[in-house]
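The following note sets out, point by point, what can be read from the structure displayed below. Each numbered paragraph treats one topic.

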Amino acid sequence: MSGSGVNGKSDRLDVRKTYKMLIGGAFVRSESGRALDVNAPGGRWLGHVCRASRKDFRNAVVAARKAASGWANTTPYLKAQILYRAAEMLEGRASTFREVLQSIGLSPAAAKTEVAQAIDLLVYYAGWADKYLQVFGSVNPVSSPYFNFSVTEPMGVVAYVAGEKRPLLDLVSGIAPIVAGGNTVITLSTGRAAVAAMELGEVLATSDFPHGVINLLCGLREELVGQMATHMDVNALITQGADAKESAASREACALNLKRYFPREANGKGDEDPYRILDTVEIKTTWHPVGG
Amino acid sequence: MTETNISNKGSYWGYAPAPESADHFKLKEQYGLFIGGKFVPAGSGKRFATINPANEKALAQIADAGEKDVDRAVKAARTAYEKVWRKMSGRERGKYLYRIARIIQERARELAVVESMDGGKPIRESRDVDIPLAAAHFFYHAGWADKLGYAFPGKTASPIGVAGQIIPWNFPLLMVAWKVAPALACGNTVVLKPAETTPLTALLFGEICQEAGLPDGVFNCITGAGSTGAALVKHPGLDKVAFTGSTDVGKAIQKSLAGRSTKLTLELGGKAANIIFEDAAIDQAVEGIINGIFFNQGHVCCAGSRLLVQESVEQEVVEKLKARMEHLIVGDPLDKNTDIGAINSKAQCERIRDYLKVGQDEGAELFQTKCPVPEKGYWVRPSFFTKVAQSHRIVQEEIFGPVLAIQSFRTLDEALEKANNTPYGLSGGVWTDKGAKIFKVTRGIKAGVIWANTFNKFDPSSPFGGYKESGYGREGGRHGLRPYVELS
């Protein structure tokens, strides 16, 4: 949202960016053609972002499902490298992100801290991608002649609703453990945070994530959370900052297909926590006879 | 119940009856609710009979708990939690669990006989599987009580509070153990609701808690039907609900907990595929199919109720399966020769018979063995369907009886596609002599427990639980502790 525009001192007219959502690796507008205004805290108009429709969400689920088995079977080493690559890309665009965060109301110091934390968080979860199985898996000492072990497996497609308080970090702290766990994800960002989210799309699109692994939507929370909770091809729903009414409705709606539901506080606690990876993996136990 | 129990297979090779005696203990005429360490009548004074499904005779009168009784039980559990159990060291808690494990072992024969009488399962299974595993579960979890710090690296584990636990009728005492042992080991107290058709061993477990000197109110047992369970789930004093049963009821419980912070784990239905490849040891695989679907009359959530057999060996497998099934003895659960006991209840028997009709109406072909069954009681002969389509209800829905649906496949990918094409994901099986294929298939099946070249094996150290609509949370092993702790 930088640039001085027609009234600035620059002798050329700057080229503005159209903020687009990321679905299946493509940058797209909402199929509904709708947009939302984004204003700076002072009221200054910053631009438009998409207002995703329920159909956009369904399209994103199709893309995420298509990418699910490929990402689940990507080697842990490669998953780790791609997450690390995302950190590299974000580091390279750190100054842009600081500007973006400031444009939507963060102080320079807060913007600087948030960008740095987001980068470090990607590095943190990159490191977990090839380790959490060793921490959370087990070989089980069964009292019969069998070799028995439990491994983690990704749940599949996860929907994530990011809070708005930390426009970049609330999103990254949700995405990183989900994809480190081998799941694909559809995120929803709302309010001013949508600008940071759409900007992040350009980082993620150049980080070697296969198309469809991370899908970023923006729009209105009350319009889309219900759809996320009831969609029959979504395996888990994680939300930040749901109020009592939303979390009650989501828990009830998730019962439709026994979607796993994790409402999280939007207080920024526990960003670095491998047990968040555990939220979106299943434990599979395999028995095999030992004998001649 | 004697003549009918003699197998008529081969005119020269019959089995004489070998009934386990039930003269070494005496059931009471009536059992109260177990609340605060004492057996008490239901506030309403209402009772219901628990029936022996093998002869349709009442075994005992059981108190029917209403909302007020549920409230009393939850309060007893709360008091025990706040005043005693949460304050006790893990080591001391563990010692109570060890005592319980030992008493279950000491009373093993009584418990096995009661289990078979109340639920209809063959004495061989209650004696060799249910009761020893229940004791093993307590013994295993006893040792965790003072070692929880090692189960959750980087975290501190503390108890959640009062757990409401609802269990089914297929493994009555074993389900008590699966639910109660981890809850108590982690420092929680419990209100348990056993199934209305099989309350006896859960009530005997109350006696065992008394014998073990378990502090009053740490374990409470309220008996009754679905309405008692619903009252328990609705009680605002619960911090945690754990349910094992049907997917429909599990979903209803999740809905009724919406808006509350009560934690929930669900262990629900299944429709497991047992996949037989052409390179499998066929005779062993046939034994595995038998064990997979006819163990405990097929009243097993993880039963191998779908057989997927590679086309090239389909005929051979089906022929051998028929021959093997004709040797299964259906009859008196207390007879040590019995392979398949009584269907747990009249209602379940009718449900299974409905599915037998549905399968035929959908166009599948039914095979049933010709074995004799007793006149009184609830029985279903070992059955399978061929010519079934993936969309058939007998392929998609859990029947919970000795009824197998057989489909064929050509390629590994097709087998996986079919195996995963139900809303369930509890268990699965694969039979092949090729190691690489085993790992490809066990990875490909979306289910929580996979048996390779075996089926229906259980162990306290082995996590059990489902993917998808088979529920969430694990029971057993280190992972089974997670639903009963708060991490910080």
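1. The contact between the chains takes 27 residues from chain A and 32 residues from chain B. It should be kept in mind throughout that this is a predicted model. On the side of chain A that touches chain B, the elements giving two or more residues are strand S6 (146–154), helix H9 (244–254) and strand S12 (281–289) of chain A. The largest share of that side, 8 residues, is supplied by S12(A). Sorted by class, the side of chain A that touches chain B comprises 12 nonpolar, 10 polar and 5 charged residues.

2. As background, strands of a sheet pair through backbone hydrogen bonds, either parallel or antiparallel.

3. The pairing of S12(A) with S18(B) belongs to an open sheet of 10 strands with mixed pairing, in the order S5(A)-S6(A)-S12(A)-S18(B)-S17(B)-S12(B)-S13(B)-S16(B)-S15(B)-S14(B). The edge strands are strand S5 (138–139) of chain A and strand S14 (365–368) of chain B, each of which pairs on one side only. Elsewhere in the order, strand S15 (residues 383–386) of chain B is joined by 3 bridges to strand S16 (residues 403–409) of chain B, and these strands run parallel. There, B:Ser383 stands opposite B:Val403 of S16(B).

4. Helix H9 (residues 247–256) of chain B has as its buried residues B:Thr247, B:Val249, B:Gly250, B:Lys251, B:Ile253 and B:Gln254. Against which elements do the buried residues of H9(B) pack? They pack against H9 of chain A, together with helix H8 (226–234), strand S10 (240–244), strand S11 (263–267) and strand S19 (471–472) of chain B.

5. Within chain A, the axes of helix H3 (residues 94–103) and helix H7 (residues 193–204) come within 9 Å and cross at roughly 165 degrees. Since angles over 145 degrees count as roughly antiparallel, H3(A) and H7(A) are therefore roughly antiparallel to each other. The crossing of H3(A) past H7(A) is right-handed. H3(A) contributes A:Phe97, A:Val100 and A:Leu101 to the contact, while H7(A) contributes A:Val195, A:Ala196 and A:Glu199. By class, this contact of H3(A) with H7(A) has 5 nonpolar, no polar and 1 charged residues.

6. B:Cys349 is located in helix H12 (residues 346–361) of chain B. B:Cys349 counts as buried because it has 20 C-beta neighbours inside 10 Å, and 20 or more is the criterion for that class. Apart from its neighbours within four places in sequence, B:Cys349 is in contact with B:Ile343, B:Tyr378 and B:Val380. The C-alpha atoms of B:Cys349 and B:Gly377 are separated by 9.8 Å, although the two residues are 28 residues apart along the chain.

7. Two residues of chain A other than glycine deserve a check of their backbone angles: phi of A:Asp208 is positive, near 70 degrees, and phi of A:Leu258 is positive, about 50 degrees. A:Asp208 lies in the loop between H7 and strand S9 (214–218) of chain A, whereas A:Leu258 lies in the loop between H9 and strand S11 (260–264) of chain A. Is each of these residues buried or partly exposed? A:Asp208 counts as partly exposed because it has 14 C-beta neighbours inside 10 Å, while A:Leu258, with 23 such neighbours, counts as buried.

How values were computed. Residues are numbered from 1 along each chain as its sequence is written. Chains are lettered from A and ligands numbered from 1 in the order in which they are written. This is a predicted model: local features need pLDDT of at least 70, side-chain atom pairs count only at pLDDT 80 or more; totals for chains, interfaces and linings use all residues. Two residues are in contact if their C-beta atoms, placed from the backbone, lie within 7 Å. Helices (H or I, at least four residues) and strands (E, at least two) are DSSP runs, numbered from the N terminus. Ala, Val, Leu, Ile, Met, Phe, Trp, Tyr, Cys and Pro count as nonpolar, Asp, Glu, Lys and Arg as charged, and the others, Gly among them, as polar. A residue is buried if 20 or more other C-beta atoms lie within 10 Å of its own, exposed if 12 or fewer, and partly exposed in between; C-beta atoms are placed from the backbone. Axes are lines fitted to C-alpha atoms, for helices over the stretch in contact, and angles run from 0 to 180 degrees between N-to-C directions. Angles under 35 degrees count as roughly parallel, over 145 as roughly antiparallel, 65 to 115 as roughly perpendicular and the rest as oblique. A crossing is left-handed if the near helix is turned anticlockwise from the far one by less than a right angle, and right-handed if clockwise. Two strands pair if DSSP finds at least two bridges between them.
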